[in-house]
Amino acid sequence: MKTLWIIFNFLLFLYSSLGSEVVTVDVHAAKELLASGHRYLDVRTEEEYKEGHLENSWNIPYMFDTPEGRVKNPKFLEQVLSAYSKEDRLVVGCRSGVRSLYATTDLLNAEFKNVCNMGGGYVEWVDKGLAVVKKPAVFKAEL
């Protein structure tokens, strides 16, 4: 019972901290946005990105894998600001849509104007048979 209470409080906190600002789109809507000029920000780890990614995407990890587990990239906003302006139209994606939701929230809180989260992430993109690049690409972020 205590575990359910903790989970409930976590979900309540998550819901209240995210507010209604974050717009989440499915992979088909994301594909249309990208075709209309939006840019794709991939917030997965460098290792995940190298396994495959969307064409013309930029990789700026929201989290890093460490021996102690995953930790938030302390330079995430700084790195995004060096690659994009706050007016750029961005679709933010990760593996499944969770990290990108947090990243999108951070970007909105940093006054980015036109960002949305891609629900389902790279896994859903691949499951729907959409095009990906399977070769290593240049990594854009540094820790």
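Buried means under 20% relative accessible area, exposed over 50%, and partly exposed in between. The legends below describe close-up views of a predicted model.

**View A. Tryptophan 58 and tyrosine 84 form an edge-to-face aromatic pair.** Tryptophan 58 has a relative accessibility of 29% and therefore counts as partly exposed. Tyrosine 84, at 3% relative accessibility, counts as buried. The pair is one of two aromatic pairs found in a search of the whole structure. Its ring centres are 6.4 Å apart, with 65° between the planes. Tryptophan 58 belongs to strand β3 (residues 58–59), and tyrosine 84 to the loop between α4 and β6 (89–93), so the pair ties together parts that are 26 residues apart in sequence.

**View B. Tyrosine 62 and phenylalanine 76 form an aromatic pair.** The planes of the two rings stand at 85° and the centres are 5.0 Å apart, so this pair is edge-to-face. Phenylalanine 76 is part of helix α4, whereas tyrosine 62 sits in the loop between β3 and β4 (63–66); the pair therefore ties together parts that are 14 residues apart in sequence. Both tyrosine 62 and phenylalanine 76 are buried.

**View C. Helix α4 packs against helix α5.** Helix α4 spans residues 76–83 and helix α5 residues 98–109. Their axes are 11 Å apart and form an angle of about 70°. Because angles of 65 to 115 degrees count as roughly perpendicular, α4 is roughly perpendicular to α5. On the α4 side the contact is made by Phe76, Leu77 and Val80; on the α5 side, by Ala103, Asp106 and Leu107. By class, five of the contact residues are nonpolar, one is charged and none is polar.

**View D. Threonine 45 lies in the loop between β2 and α3.** The loop runs between strand β2 (39–42) and helix α3 (46–51). With a relative accessible area of 3%, threonine 45 is buried. Leaving aside residues up to four places away in sequence, threonine 45 touches Asn59, Pro61, Met63, Asp65, Arg70 and Arg99. For asparagine 59, which is 14 residues from threonine 45 along the chain, the C-alpha atoms of the two residues are separated by 7.9 Å.

**View E. Arginine 44 lies over the face of tyrosine 122.** The distance from arginine 44 to the centre of the tyrosine 122 ring is 4.2 Å.

Key. Residues numbered from 1 in each chain as written. Predicted model: local features only at pLDDT ≥ 70, side-chain atom pairs only at ≥ 80, totals over all residues. Heavy atoms only, no water. Axes fitted to C-alpha atoms, helices over the stretch in contact; angles between N-to-C directions. Helix = DSSP H or I, 4+ residues; strand = E, 2+ residues; numbered from the N terminus. Parallel < 35°, antiparallel > 145°, perpendicular 65-115°, else oblique. Contact = heavy atoms within 4.5 Å. Nonpolar A, V, L, I, M, F, W, Y, C, P; charged D, E, K, R; others polar. Phe/Tyr/Trp six-rings, centres within 6.5 Å; stacked < 30°, edge-to-face > 60°. Buried < 20%, exposed > 50% of the residue type's maximum accessible area, 1.4 Å probe, protein only. Lys NZ or Arg CZ within 6 Å of the ring centre and 35° of its normal.
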